[in-house]
Amino acid sequence: MSQTERILFIDRKLRSCGNFTVKEVADYFEVSERQVKRDIEYMRDRFEAPIEWNFKEKKYIYASSFERLKFADQHLILAYLSMQSMLKNANYFPAVSSELLQNLKSQIPKDYLKVCGRILYEIPAAESLEPEIFTGICGAMRDLLCLELVYTNTKNELSERIFEPCNLINYGGNWYVVGFDYLRNEIRTFNAARIKKLSLTKKSFERHGDDFEQKLKNYIENGFGIFLGEKTENVKIRFYGKAVQIVKTQKWHPKQVMSENFGGEGGKEDFLELNFPAADMTEVLSKILSFGKNAVPLEPQNLVDLWKAEIRKMCEIAGGYR
């Protein structure tokens, strides 16, 4: 039995019974009492758990409210179900062992295991990621060696690149690699599924200045979705009708700001405005269009123009089917 299992068991005992003894934990897991005392010290040091010895009852208690492990069982269930779903689709996590899943499952309380069978956790369809590509990118990041890529863009145009992979990101079920591209001489994002050929070079990562790591961090944290970049523009979108309730519960960006406007008297319609920074409007536009007439972009002007142009194209196509 792992230390994690013992820690969660101790926390459950304290929440359900209010106290526990070292002996009952040691007997349950068939370990020494000394080991249980080390677990208690670990909880105090790592989680700042307020575990104290009650001399009157001769048992350990929580001396004050402790929230950090309050929903640990529920989080375990979600982690187990998501990992189980990943195992069904190697595109998400090509190198996962079933032993890891079993280890996670063994830490879930038996009464909750029954619940797991009634929860369906489905991951959306993903683009295929070859294990060789995944391994090559990870190896390059580990050894700080550049990759030579043959890459195809959305127009099916091939290009050869020398690339420093710095981060591998799974977004929306697909894998993207972020790093320094020598062809463009800047930080770029590549869809890993579009890498047709990959080979490890002997060229080490170069030094791109003392502020490179900060630039990389800003590039990843800014923007919107997987269309990243340091230079961003503020996006403002107004939502109407049923879209208001949907967007209210969503998180589009870590720096987003929402404001709700109630029309009140005069017949004005209620609406919600969403503001966030974005470096590229491609994915923002697709999100807006998914809400149909219930979403209207207000800023920046180039997004508004793209939105109008896309609507005109759709009208022209629709007109051809009359």
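How many nonpolar, polar and charged residues does the lining of the second largest pocket have, by class? The lining has 8 nonpolar, 3 polar and 7 charged residues, where Ala, Val, Leu, Ile, Met, Phe, Trp, Tyr, Cys and Pro count as nonpolar, Asp, Glu, Lys and Arg as charged, and the others, Gly among them, as polar. Before going on, note that this is a predicted model, in which local features need pLDDT of at least 70 and side-chain atom pairs count only at pLDDT 80 or more, while totals for chains, interfaces and linings use all residues. Residues are numbered from 1 along each chain as its sequence is written, and side-chain values use heavy atoms, with hydrogens and water left out.

Back to that pocket. Its volume is about 410 Å³. Here a pocket is found on a 1 Å grid over the protein atoms alone, as an open set of points where a 1.4 Å probe fits, with protein on both sides within 12 Å along at least five of seven lines; a lining residue has an atom within 4 Å of a point. Grid points are joined across faces, edges and corners, and the volume is the space filled by probe spheres set on the points. There are 18 lining residues, and the closest to the pocket centre are R12, Y28, I108, P109 and K110. Two or more residues each come from α1 (3-16), α2 (22-29), α5 (98-106) and α6 (110-116), with α1 giving the largest share, 5 residues.

Now zoom out. The chain has 11 helices and 11 strands, taken as DSSP runs numbered from the N terminus (helices are H or I with at least four residues, strands are E with at least two). Its C-alpha trace spans about 80 × 70 × 45 Å along the principal axes. The radius of gyration is 26 Å, whereas a compact globule of 322 residues would have one near 20 Å; the value is taken over C-alpha atoms, and the globule rule is 2.2 Å times the number of residues to the power 0.38. Of the 322 residues, 37% count as buried, with buried meaning under 20% relative accessible area, exposed over 50% and partly exposed in between (1.4 Å probe, protein chains only).

L76, in helix α4 (residues 72-88), is buried at 10% relative accessibility; L76 and P297 are 221 residues apart in sequence and 40 Å apart in space, C-alpha to C-alpha. I187 belongs to strand β6 and is also buried, with a relative accessible area of 13%.

On to the aromatics. A pair of aromatic rings is described by the distance of the centres and the angle of the planes. In the whole structure, 17 aromatic pairs turn up, counting rings of Phe, Tyr and Trp (its six-membered ring) whose centres lie within 6.5 Å; planes under 30 degrees apart are stacked, over 60 edge-to-face and the rest tilted. One of them is F163 with F190: the ring centres are 4.9 Å apart and the planes at 90°, so the pair is edge-to-face. F163 lies in strand β4 (residues 158-171) and F190 in strand β6 (residues 186-191), so the pair ties together parts that are 27 residues apart in sequence. Both F163 and F190 are buried.

F239 and W252 are edge-to-face too, at 5.7 Å centre to centre and 75° between the planes. F239 sits in strand β8 (residues 233-240) and W252 in the loop between α9 (242-248) and β9 (257-261), 13 residues apart; both are buried. Ring pairs also join F239, W252, F276 and F291 into a cluster. W252 has K287 over its face as well, at 4.6 Å from the ring centre, and the charged end of R238 sits over the ring of F271, 4.0 Å from its centre. For such a contact, NZ of Lys or CZ of Arg must be within 6 Å of the ring centre and within 35 degrees of the ring normal.

Last, the backbone. Most residues other than glycine have a negative phi, and most peptide bonds are trans. E30, in the loop between α2 and α3 (33-47), has a positive phi of about 60° and is exposed at 73% relative accessibility. N156, in the loop between β3 (145-152) and β4, has a positive phi near 65° and is exposed at 63%. The peptide bond from E299 to P300 is cis, with omega near -10°, and P300 lies in the loop between β11 (295-299) and α11 (301-319).
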